[in-house]
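Reader: I would like to learn how to read the features of a protein model, one at a time. Could you walk me through this one?

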Amino acid sequence: MPTPPSLIAEKYGPFFNLAKQHQVIFYYVGYFSQNIIAAMAEAVKLQLEVAGVAAPTRRKLFSSFVEMAQNIIHYSADALTPPSQDNGELRHGSVCILRENDGSFLLLCANPVAPSVADELRVKLDALHKMTLEEIKQAYRQTLREDTPEGSKGAGLGFLTVARDAREPLEFDFPPAEEASDSPMFYLKATI
């Protein structure tokens, strides 16, 4: 028996109201693949153009959005494909773009990671958090000139790209897993 309309609004209305209140312009939770990222990126790009967001801000939002989505594919512990598969991966996570009242945008992403990956990411992001914008730009240029290390999933450019384009230092968190068998969640926030 179908749910009566009043119960649908009662059950799901708060979610939509919260999204509207926080000016969410894009939100996706599910499995990520290269094809899904390409489709989402096209939708985000068009939505930002239609909203009249200035070209430099659109570029920063777009490149940071793509990098954050790529990080889900590279680091999420929740995968439909085997961990050894490095092409055509399907990994679970979420990404959100919302507009702040001051005109800035927040990009948020979340995905589970293996404990060893959480440790590696924490070290990278702690170091990045302490860098000045000029040091981030210099590290970005240096990384572009270097050869990609064996087994690397991007030579470290992703976090440098997001940090370079952000207005404020990147924020991240790895709250403790609820169950010992659970992977820790990785949360990343960039203000553009």
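**Reading the features**

Author: Happy to. Arg 59, at a relative accessibility of 43%, counts as partly exposed. Please keep in mind that this is a predicted model.

Reader: Which residue does the side chain of Arg 59 meet in a salt bridge?

Author: The general idea is to look for a side-chain nitrogen of Lys or Arg within 4 Å of a carboxyl oxygen of Asp or Glu. Here the partner of Arg 59 is Asp 165, with 3.7 Å from N to O. Arg 59 belongs to helix α3 and Asp 165 to helix α6 (residues 157-165), so this pair ties together parts that are 106 residues apart in sequence.

Reader: Is Asp 165 buried or exposed?

Author: Buried means under 20% relative accessible area. Asp 165 has a relative accessibility of 3%, so it counts as buried. Asp 165 also forms a salt bridge with Arg 164, where the closest N and O atoms are 3.2 Å apart.

Reader: How many salt bridges does a search of the whole structure find?

Author: The search finds five. Another one of them joins Lys 189 and Glu 171, whose closest N and O atoms are 3.3 Å apart. Since Lys 189 lies in strand β5 and Glu 171 in strand β4, the pair ties together parts that are 18 residues apart in sequence. Both ends are partly exposed: Lys 189 has a relative accessible area of 24%, and Glu 171 has 37%. When salt bridges share partners, they can be read as a network, and here Arg 59, Arg 164 and Asp 165 are joined into one in that way.

Reader: Let us turn to the surface. Which residues form a nonpolar patch there?

Author: The patch is made up of Ile 8, Tyr 12, Phe 15, Phe 16, Tyr 27 and Val 29, and together they have about 630 Å² of accessible area. The most comes from α1, with four residues.

Reader: Where does Tyr 27 lie, and how should I read its accessibility?

Author: Tyr 27 lies in strand β1. To be in a patch, a residue needs over 30% relative accessible area. Tyr 27 has 42%, which makes it partly exposed.

Reader: And pockets? What is the idea behind finding them?

Author: Rolling a probe the size of a water molecule over the atoms shows where empty space is left. In this model, the largest pocket has a volume of about 290 Å³. It is lined by 19 residues, and the closest to its centre are Val 24, Tyr 27, Cys 96, Leu 98 and Leu 108.

Reader: Which elements give two or more residues to the lining of the largest pocket?

Author: They are α1, β1, β2 (91-99), β3 (105-112), β4 (171-173) and β5 (185-191). The largest share, four residues, comes from β2. Sorted by class, the lining has 14 nonpolar, two polar and three charged residues.

Reader: What about the backbone? Which residue has a positive phi although it is not a glycine?

Author: Most residues other than glycine have a negative phi, and most peptide bonds are trans. Gln 23 has a positive phi of about 55 degrees. You can find Gln 23 in the loop between α1 and β1, and it is partly exposed, with a relative accessible area of 30%.

Reader: One last topic, distances. How far apart in space are Arg 58 and Lys 45?

Author: The idea is to set separation in sequence beside separation in space. Arg 58 and Lys 45 are 7.3 Å apart, C-alpha to C-alpha, and 13 residues apart in sequence. Arg 58 lies in helix α3 (residues 55-75) and is partly exposed at 26% relative accessible area. For another pair, take Asp 78 and Pro 176: they are 98 residues apart in sequence and 17 Å apart in space, again C-alpha to C-alpha. Asp 78 sits in the loop between α3 and β2, and at 29% relative accessibility it counts as partly exposed.

Methods: Residues numbered from 1 in each chain as written. Predicted model: local features only at pLDDT ≥ 70, side-chain atom pairs only at ≥ 80, totals over all residues. Heavy atoms only, no water. Patch = residues over 30% accessible without salt bridge, like charges linked within 9 Å, V, L, I, M, F, W, Y side chains within 5 Å. Areas by Shrake-Rupley, 256 points an atom, 1.4 Å probe, with all protein chains shown as cover. Buried < 20%, exposed > 50% of the residue type's maximum accessible area, 1.4 Å probe, protein only. 1 Å grid on protein atoms, 1.4 Å probe; cavity = no way out; pocket = protein on both sides within 12 Å on 5 of 7 lines; lining within 4 Å. Points joined across faces, edges and corners; volume = space filled by probe spheres on them. Nonpolar A, V, L, I, M, F, W, Y, C, P; charged D, E, K, R; others polar.
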